[in-house]
Amino acid sequence: MTTVFEVLTPASLRRDGDPQRRCTFLIAASSGFPLAGLLFVGAYSAANRGAGYAHELFWAAVVLALCTTAVVLGLAENKRRAAAVLTVSLAVLLSLPKYLRAPGYFNFYDELAHWRAAQDLLEGHRLLAPNSLNKVVADYPGLAALSAATAAATGSPVFAAGNIVILVARACGCLAMFLLAERIVRAPAAALLAAVIFMANPAFMFFDAQFAYESLALPLVTVVLLLAMRVVPSDSAHRTPLLIAALLLAGAVVITHHSSSYLLTALLLATAVVAYVLRRPPSAQLLVLAAVTFAGTVTWLFTVARYTLTYVGPYVRSNLASVPDFLTGSGKPRQLFGGFPLPPLYEQVAGYVAVIVLMMLAAPGFWWLRRARPHRDRVAMWVLALLGSLYFLSLPMVALRGDQTAKRVWEFAFIGLGPACALTLWLMTVRGRVVWRWIAPTLLVIVFVGSGVARSGEHIRFPGPYAPSADPRSMTPDVVAAARWLDTERGPDHRVVGDRTLAAAMGSYGEQVAVTYQEDGRPVWKILEPDTLTDGVAKEVRGSR
């Protein structure tokens, strides 16, 4: 970032130049954000037309946003305030691709169950009402309740209210990441770089920008972790107000998303344990926070959300068994980037190289933090190191299983990787030789490109021709219109069957009851596979009503 600033700003402004001229240049430099937004618009317009340069426009927008961030920070007089504003601005800008993917309606598979849950609340249904699209969504009503309340208060539809809720949560989560990193690295520029690396995590621009419970829970986990680090030492001031805020937000996580609550509980317990190991006894407030979060998570799981064990159990067992299966020869590695359509070759290469880059940045960053940081920061540093290590520990399971379970830790792991990787990059630009000052920005771009392609397939990231059971590429305006027509003409709550996407569309926008094997145990393929209306088809139609 230092190199980019030096190249793009006049030498007189890098010193104590004329304040008015400096302000003028700062305003001009800030125009890079709307220009980056226009490049995103151009990328999706090109993708809709089938043009071959959509990816290049997309990454040009990301690079322009990063350059703008560096220049604006360099020109700002109050670095800390500017870094905080830039963190929020970049979080909003990098949320734009998801919204451009379908600007008029929700089209990601997970979004449809949450839309139905929020819509049902607006229509007077009770909290925790059954959800035919995904039973576990009904057990975690935090997102639906907040979105329905926002829609009711503003008079806006669930689509607008839900997007507002997620966007505000993401901005707050990134700001909490900045403040958490600042506590560790003690430099606003390095803390901003940590927030940028967090935004480079594989789920940020698409998966965690969708209207889904993890998109709300992840920012809440980041804020609770920030508050927890403030009450670790027993001599911290204002511990009681911080505790109250942390307890409320931890409770929100518990009722919003299952795996986020489990990870948050583990992090809080790990913080207390690390504090004891480092002979920095945790405060009573931290112990209360960890104990209450643990009790709340367990209580909610076994009294309200028992179905969660049925829902996540098979995926967890499959991932845990993947490595032993491979070692014994009963399992084989899956084909990476084996989907259709394939991303460009440079994105595939970056997907592998980004893992190496992150490892090369994280290792020296944590080593330097261990040696140089004050003793009071050691607890936070070790907890973040443990969290960041989950990314590398998950890679063998991701290489052997195609499901998303192991990948779900990546966005949380980047909370831990951010400060260490940012510190390494920052030291390369501030203290390194000239060649390292050019290499550092290149490494950051590689992480963005490689991480971005590692989690979201081509059909998720860009529009294209219709494809069956392909989530967003199956969720066309015609499909949405057909679902709404069915609700208008036939009424709600009829039992319907379809492929993965059609069933979700009819069960959400059509307000029907989608019959699926996953939720109902019905062998719906017996209806869909035969070429003619056989006796077996008729029997299954009658049996599943």
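Asp 471 is buried (under 20% relative accessible area; exposed is over 50%, partly exposed lies in between, with a 1.4 Å probe and protein chains only), its own relative accessible area being 13%. This is a predicted model, in which local features need pLDDT of at least 70 and side-chain atom pairs count only at pLDDT 80 or more, while totals for chains, interfaces and linings use all residues. Residues are numbered from 1 along each chain as its sequence is written, and side-chain values use heavy atoms, with hydrogens and water left out.

The side chain of Asp 471 meets that of Arg 500 in a salt bridge of 2.7 Å, N to O; the term requires a side-chain nitrogen of Lys or Arg within 4 Å of a carboxyl oxygen of Asp or Glu. The pair links distant parts of the chain, 29 residues apart: Arg 500 is in helix H24 (residues 500–508), and Asp 471 is in the loop between helix H22 (458–461) and helix H23 (477–490). Helices are DSSP runs (H or I, at least four residues), numbered from the N terminus. Arg 500 counts as partly exposed, at 39% relative accessibility.

## Other salt bridges

The whole structure contains nine salt bridges. One of them joins Glu 111 to Lys 98, with the closest N and O atoms 3.0 Å apart. Glu 111 lies in helix H8 (residues 109–122) and Lys 98 in helix H7 (residues 96–101), so this pair ties together parts that are 13 residues apart in sequence. Glu 111 is buried at 0% relative accessibility, and Lys 98 is buried at 2%.

Glu 411 and Arg 455 also form a salt bridge (3.0 Å, N to O). These residues stand 44 apart in the chain, Glu 411 in helix H20 (residues 410–430) and Arg 455 in helix H21 (residues 434–455). Glu 411 is buried at 0% relative accessibility, as is Arg 455 at 7%.

## A buried residue without a salt bridge

Asp 139 is situated in the loop between helix H9 (135–138) and helix H10 (142–154). Asp 139 is buried yet has no salt bridge, and the nearest side chain of opposite charge, Arg 126, is 8.4 Å away. For charge, Lys and Arg count as positive and Asp and Glu as negative; His and the chain ends are not counted.

How values were computed: Helix = DSSP H or I, 4+ residues; strand = E, 2+ residues; numbered from the N terminus.
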